[in-house]
Amino acid sequence: MTAFDLLKKWEEKIKVEPFQIDEKKILEKCKEFDELYSNYILYSLSNNCITNLVISAIKSTNFIYDEKDFNTKPLYNCTSLRIIGRCFTCLPESIYELKNLQRLDLFHTEIKELPERIYELKNLRRLELRGMEIKELPKRICELKNLQELDISNTEIEELPERICELENLQILNLYRTEIKELPEKICELKNLKKLYINETKINELSKIICELKNLQILVISKTEIKELPEIICELKNLQELDISKTEIKELPERICELKNLQMLDISYTEIKELPKRICELKNLQILSLNGTEIKELPEKICELKNLRRLELS
């Protein structure tokens, strides 16, 4: 059964809207169709052209993937392509003909190396490589000038290319559970970066240059061996969420209270023993998580946090 035979069968059975895919519900619906239970293709049409395509072959029982099956003609206007499952070991060469592609997701595939030609997908905005077995990124990835999101979580990647800092439109960088030990010195050049996830990496020091990321809104460093927050973290004026849970940090810098836009602060399961007295100045704080800390009393003026909706103390 080819990919497009499967697509035709799918069309007869179930209609799914783009980006509203609940895999559990889909698999439940498909239990009566053996070939679809293990493998499925979802897509949506616009002007009779496929615009969003998901190819999944998680169990690979009935699905045999062959590059010949990947005919790009009906996919010319495709903007989103997700290829999911361990039976996929390489990207078909024809994928580079998808000049309108904006999202490419290769979740948990067996692809061990991302081809240099990836740079040809000039309109790519989201590149999701989570769970792949790749160990490095191609140097020419920096030529994806429209890239806004890069997700390499749950991979064995040990370092980022220095030129990754040329991705001037990058807004989200997810390094969760990678082997990365340090951030490139020029990461501060990612002026549009809004979300940075370095949780469960090998990074053990938060460089001061990170404080030059003036548009950063979310910073997650949980489950790392980072021991200290630099005092100049207060320069991140747009920061809304800060998660330092399960790190080796023992105290918060007093100037953290200058983060006026901070809405969520998670310091759970750290050795922090007290909150800064000026924490009441975080007027926009909505969530404060102190679970598993050694904090025995709260500052008297914590009641001045009028927007606080959740205070976790267990």
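Is E248 buried or partly exposed? E248 counts as partly exposed, at 35% relative accessibility. The close-ups below come from a predicted model.

**View 1. E248 pairs with K227.** The two side chains meet in a salt bridge, 3.5 Å from N to O. The pair links distant parts of the chain, 21 residues apart. E248 sits in the loop between β10 (241-243) and β11 (264-266). K227 sits in the loop between β9 and β10.

**View 2. E200 forms a salt bridge with R177.** Their closest N and O atoms are 3.2 Å apart. E200 lies in the loop between β8 (195-197) and β9 (218-220), and R177 in the loop between β7 and β8. E200 is partly exposed at 23% relative accessibility. R177 is also partly exposed, at 40%.

**View 3. E156 meets K135 in a salt bridge.** The N to O distance is 3.8 Å. E156 lies in the loop between β6 (149-151) and β7 (172-174) and K135 in the loop between β5 (126-128) and β6, so the pair ties together parts 21 residues apart in sequence. E156 is partly exposed (40%), whereas K135 is exposed (55%).

**View 4. D105 is buried in strand β4.** Its relative accessible area is 0%. A polar atom of the D105 side chain lies 3.0 Å from the backbone nitrogen of F107. D105 touches residues including L81, I83 and R130. Salt bridges that share partners join D105 into one network with R82, R103, R126, E128, R130 and E149.

**View 5. L298, L311 and L313 form a nonpolar surface patch.** Together they have about 240 Å² of accessible area. L313 lies in the segment after β13 (310-312). L313 is exposed, with 53% relative accessible area.

Methods
Residues numbered from 1 in each chain as written. Predicted model: local features only at pLDDT ≥ 70, side-chain atom pairs only at ≥ 80, totals over all residues. Heavy atoms only, no water. Patch = residues over 30% accessible without salt bridge, like charges linked within 9 Å, V, L, I, M, F, W, Y side chains within 5 Å. Areas by Shrake-Rupley, 256 points an atom, 1.4 Å probe, with all protein chains shown as cover. Salt bridge = Lys/Arg side-chain N within 4 Å of Asp/Glu carboxyl O. Helix = DSSP H or I, 4+ residues; strand = E, 2+ residues; numbered from the N terminus. Buried < 20%, exposed > 50% of the residue type's maximum accessible area, 1.4 Å probe, protein only. Polar contact = N/O pair within 3.5 Å; in protein donor to acceptor, adjacent residues only side chain to side chain. Contact = heavy atoms within 4.5 Å. Lists of a residue's contacts leave out its neighbours within four places in sequence.
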